Amino acid sequence: MLPDLRPPAPRPGADPRGVAVLGSTGSIGVQTLEVAARFPDRLRVVSLAAGTRWETLAEQARAVRPERVVIADESAYASLRGALAGTGIDVAAGAEAVRALAEDSGAEIVVAAIVGAAGLRPTLAAAESGKTIALANKESLVVAGALVRDAAARSGAVVIPVDSEHSALFQCLVGEPEGCVDRLVLTASGGPFRERPASTFGAITPAEAVAHPNWSMGAKISVDSATMMNKGLEVIEAHWLFDIPADRIDVVVHPESIIHSVVEFVDGSSKAQVGPPDMRVPIQVALSFPDRWPADHPRLDWTRTGPLTFEAADTDRFPCLGLAYAALRADGSSPAALNAANEVAVARFLDGSIRFPDVPRLVEAGLAVARPAGTLDDLLAVDRDARRAASEARAPYTV
Ligand SMILES: NC(=O)c1ccc[n+]([C@@H]2O[C@H](COP(=O)([O-])OP(=O)(O)OC[C@H]3O[C@@H](n4cnc5c(N)ncnc54)[C@H](OP(=O)(O)O)[C@@H]3O)[C@@H](O)[C@H]2O)c1
């Protein structure tokens with residue numbers, strides 16, 4: 001008989017678990033609501049927050065009936081309030097109200113699915129309030145991993161990754177002893193331009209960049225996947241989640257996106273987590289942990305899966321990955337600067353004001369402002385400076 005491999009800590013609280021969905025109108029947010037709708041006895045959505053899309057938020061609120069909803073864009077408050085008049089749902093607006101949802105006593109689980117550094121304060125508030133954080137917002141760990149880690153250690157909050165690669169690593173590590181990891185191997189699809197010659201990168205359009213071959217995601221993460229910055233952000237995220245240094249986190253390109261990541265152990269054994277690419281699975285893992293709930297998500301048909309292939313990541317064609325490793329090794333505020341400049345670069349690429357190969361150049365411009373920074377205020381100042389540097393950087397750099 002096998003020993004009991006289940007994690008020792010029982011789940012606190014009783015079902016249904018109260019869930020706050022921050023970033024509910026986005027790709028992860030919508031899929032979270034889909035998962036929650038399947039388990040009404042186990043999950044109760046108590047609050048929703050979004051950035052600007054008040055109509056979608058109102059529609060979600062009418063369907064889900066949370067206790068409160070928040071729209072970050074204060075100019076949308078009146079419209080949202082009007083749309084929810086008579087429902088009894090509490091409506092608020094502004095960044096501070098979004099942050100407050102993360103510490104609301106009714107939410108046992110906070111799904112951190114806001115995109116970008118805008119998710120940092122709510123994630124930090126959830127970490128300070130002892131919540132279970134289902135973390136999709138990797139940027140909050142990239143910007144302030146040490147602060148989130150320390151806040152969670154003080155409050156007893158736990159972070160369960162939603163990112164498919166980190167969920168894979170997490171699932172491989174459940175039941176394993178401390179200090180057993182030799183190496184983490186993050187798989188990467190390689191994005192839409194894996195086979196495209198670098199000489200044509202200047203002609204890449206935003207529409208091409210957001211068309212990911214395997215995953216349907218928000219625009220920002222899709223562009224990050226195309227530049228491979230996403231994998232770089234994930235390396236930094238993995239460092240903070242699993243306390244493994246950059247030198248022991250590898251990236252391998254695996255275009256089929258069937259193996260979601262691999263843990264190599266000190267005895268030479270490796271574990272991988274596999275499945276069809278479907279974000280509802282890691283979302284459900286995060287919401288149900290330490291249990292597993294039955295769901296009819298697509299299964300792999302091993303007789304039709306075909307060959308699984310692997311190749312080294314090409315940091316010459318995709319310099320963002322190398323920049324992220326360098327930022328992690330430099331530590332301090334370099335990851336925060338990298339993230340902020342990247343957000344600006346992606347927005348500028350999407351609005352057509354720079355070209356695809358300019359993205360890493362703008363990131364380099366932002367990295368130049370990195371300096372020692374320990375507090376949240378320090379990091380936010382670096383974030384602002386890096387955004388300014390990347391906004392003011394002249395483009396196109398490339399000809
Ligand atoms: N999509 C995926 O498959 C996937 C996989 C792994 C990890 N992730 C990570 O998950 C996060 C979300 O990604 P996504 O693809 O779901 O992005 P998305 O589709 O662009 O959605 C982003 C969400 O954040 C909200 N938002 C933006 N700024 C906000 C603010 N200041 N305050 C409150 N809400 C704000 C948006 O609201 P409005 O749209 O209403 O403005 C939207 O609900 C990212 O960190 C991404 O890296 C995503």
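Mentor: Begin with the domains, whose bounds come from an automatic or database domain assignment. Here the chain is divided into domain 1 (17-161) and domain 2 (166-277 + 298-330). Please note that this is a predicted model, in which local features need pLDDT of at least 70 and side-chain atom pairs count only at pLDDT 80 or more, while totals for chains, interfaces and linings use all residues. Residues are numbered from 1 along each chain as its sequence is written, and side-chain values use heavy atoms, with hydrogens and water left out.

Trainee: How many residues of each domain take part in the contact between domain 1 and domain 2?

Mentor: The centres of the two domains, taken over C-alpha atoms, are separated by 26 Å. Contact means heavy atoms within 4.5 Å; domain 1 contributes 13 residues and domain 2 contributes 16 residues.

Trainee: What area is buried between domain 1 and domain 2?

Mentor: The size of an interface is often given as the accessible area lost when the parts come together. Buried area is that loss, found with a 1.4 Å probe and summed over both parts. Between domain 1 and domain 2 it is about 1200 Å², and carbon and sulfur atoms give 71% of it. Of the area that domain 1 buries against domain 2, 48% is supplied by Lys 138, Val 142 and Pro 161, more than any other three residues.

Trainee: Which residues come nearest to the ligand?

Mentor: A residue counts as near if one of its heavy atoms lies within 4 Å. Of the 24 residues around the ligand, the nearest are Thr 25, Thr 52, Arg 53, Glu 139 and Asp 163. The ligand lies between domain 1 and domain 2 because both give residues to its shell.

Trainee: Which peptide bond is cis?

Mentor: Most residues other than glycine have a negative phi, and most peptide bonds are trans. The bond from Phe 289 to Pro 290 is cis, with omega near 5 degrees. Asp 243, although not a glycine, has a positive phi of about 55 degrees.

Methods. Buried area is the accessible area (1.4 Å probe) that two parts lose on being put together, summed over both.
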